[in-house]
Amino acid sequence: MSELREQLRGLWLPLVTPFRDGELDETSLRRLVRHYACLPVDGFILAATSGEGMSLSMSELERLVAITRAETSASHRYVPICLGLSGASTHKMRDALDETAAWPIDGYLIASPYYSRPSQRGLLHHFEALANCARLPIVLYNIPYRTAVNLANDTLLELARHPNIIGLKDCCADRNQTLDLLRRRPAGFKVLTGEDAQYFEALGDGADGAILLSAHVETESFSAVHSLVKQGKCEAARAHWEVVSELTRLLFAEPSPAPAKYWLFRTGLIDSAEVRLPMVEASAELAARIDAEIARRRSAHDAKN
């Protein structure tokens with residue numbers, strides 16, 4: 001647990017899950033993991049929102065984890081892995097924690113229960129029950145615009161006292177709430193933003209890092225933003241941010257991860273842009289915009305070289 005707490009910083013990638021003809025595309029997955037394991041990524045999140053985790057069966061989840069760990073090991077670099085889990089039943093979530101306890105992962109990213117809209121007391125008891133059961137550390141995921149319930153800071157601070165809860169992916173979309181949490185959090189409790197468009201601002205406010213779908217593209221620049229901010233070189237960090245900030249809008253112009261998958265397909269990292277219903281692939285209009293941006297960035301890169 002102490003190792004993951006230390007590793008929970010910098011740039012983490014919520015890896016997309018490639019599909020082809022309705023099945024997990026293991027060839028593309030291996031290619032993806034090999035590619036990003038060689039880039040300045042500090043960790044992988046598997047099967048969360050970006051990874052379409054709720055569309056995966058337990059056997060697919062297990063295969064996803066096994067392949068990712070095998071490919072990171074082959075890269076001769078240890079990349080920590082957190083598995084995304086979500087659900088509205090505490091009992092079923094405990095079963096999922098038990099079933100995955102021996103998998104080669106380092107921890108979990110667990111979102112608030114969706115749809116049922118529990119009270120803050122209910123959220124507290126839910127996450128305490130999971131943390132008491134889990135054999136690996138938990139990173140909380142607060143994303144009220146998806147779950148319809150906000151983890152209030154008083155609840156988060158109470159949960160942060162649990163030795164098996166080590167941090168937060170913060171998508172509360174309320175800067176005042178985030179600033180209050182950053183001021184009041186206990187030592188060692190990590191906060192990573194999950195709001196791609198607020199990445200630079202969040203680092204300036206004191207976040208320890210980020211979990212960013214957009215970092216599938218221009219990964220080195222996204223990583224440099226964090227490194228330079230932490231070195232106090234904010235103008236240099238801003239220059240890198242200006243290179244990538246438009247991507248955070250383009251890749252969320254339609255429901256994620258369809259736009260990112262289209263980009264990865266067009267650049268040869270995955271063999272299909274396929275998503276699973278109820279998600280649908282990027283529209284023809286957005287696909288044209290992405291193609292134009294890929295061409296623009298290639299031309300700019302070629303001009304520099």
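Q: Which residues touch the most other members of the largest nonpolar core?
A: F44 and L83 do, within a core of 83 residues. A nonpolar core is a set of buried Ala, Val, Leu, Ile, Met, Phe, Trp, Tyr and Cys residues joined through side-chain atoms within 4.5 Å. Helix α5 (residues 120-133) gives the most to this core, namely 6 residues. Another core lies apart from it, with 15 residues, among them L109, V139, I166 and L192.

Q: What kind of model is this, and what are its limits?
A: The model is predicted: local features need pLDDT of at least 70, side-chain atom pairs count only at pLDDT 80 or more, and totals for chains, interfaces and linings use all residues. Residues are numbered from 1 along each chain as its sequence is written, and side-chain values use heavy atoms, with hydrogens and water left out.

Q: What is F44 in contact with, beyond its neighbours within four places in sequence?
A: Contact means heavy atoms within 4.5 Å. By that rule the partners of F44 include W12, L13, V33, Y36, T68, V79 and I81.

Q: Why is F222 called buried?
A: Buried means under 20% relative accessible area, exposed over 50%, and partly exposed in between (1.4 Å probe, protein chains only). F222 has 0% relative accessibility, so it counts as buried. F222 lies in helix α10. Helices (H or I, at least four residues) and strands (E, at least two) are DSSP runs, numbered from the N terminus. Leaving out residues up to four places away in sequence, F222 touches L11, Y199 and W241, among others. F222 and L11 are 211 residues apart in sequence, yet 7.6 Å apart in space, C-alpha to C-alpha.

Q: Why are α10 and α11 called roughly antiparallel?
A: Angles run from 0 to 180 degrees between N-to-C directions, and axes are lines fitted to C-alpha atoms, for helices over the stretch in contact. Under 35 degrees counts as roughly parallel, over 145 as roughly antiparallel, 65 to 115 as roughly perpendicular and the rest as oblique. Helix α10 (residues 219-230) and helix α11 (residues 234-250) pack at about 150 degrees, with axes 8 Å apart. The pair is therefore roughly antiparallel.

Q: Which classes of residue make up the contact of α10 with α11?
A: The contact has 12 nonpolar, 3 polar and no charged residues. Ala, Val, Leu, Ile, Met, Phe, Trp, Tyr, Cys and Pro count as nonpolar, Asp, Glu, Lys and Arg as charged, and the others, Gly among them, as polar.

Q: What makes α11 roughly antiparallel to α13?
A: α11 and helix α13 (residues 284-304) pack at about 165 degrees, with axes 12 Å apart. That angle makes α11 roughly antiparallel to α13. On the α11 side, V243, V244, L247 and L250 meet L286, R289, I290, E293 and R297 of α13. By class, this contact has 6 nonpolar, no polar and 3 charged residues.

Q: How do you know that E52 is buried or exposed?
A: E52 has 7% relative accessibility, so it counts as buried. E52 lies in the loop between β4 (43-46) and α3 (58-74). Beyond its neighbours within four places in sequence, its contacts include P257, K261 and M279.

Q: What makes α12 mostly covered?
A: Of its 9 residues, 7 are buried. They are A258, P259, A260, K261, Y262, W263 and L264. These residues pack against β2 (19-20), α2 (26-37), α11 and α13.

Q: Where are the cis peptide bonds?
A: One runs from S256 to P257, with omega near 15 degrees. Another joins L277 and P278, with omega about 15 degrees. Most peptide bonds are trans. S256 is buried, because its relative accessible area is 10%.

Q: Why is S116 called partly exposed?
A: S116 has a relative accessible area of 44%, so it is partly exposed. S116 lies in the loop between β6 (107-111) and α5.
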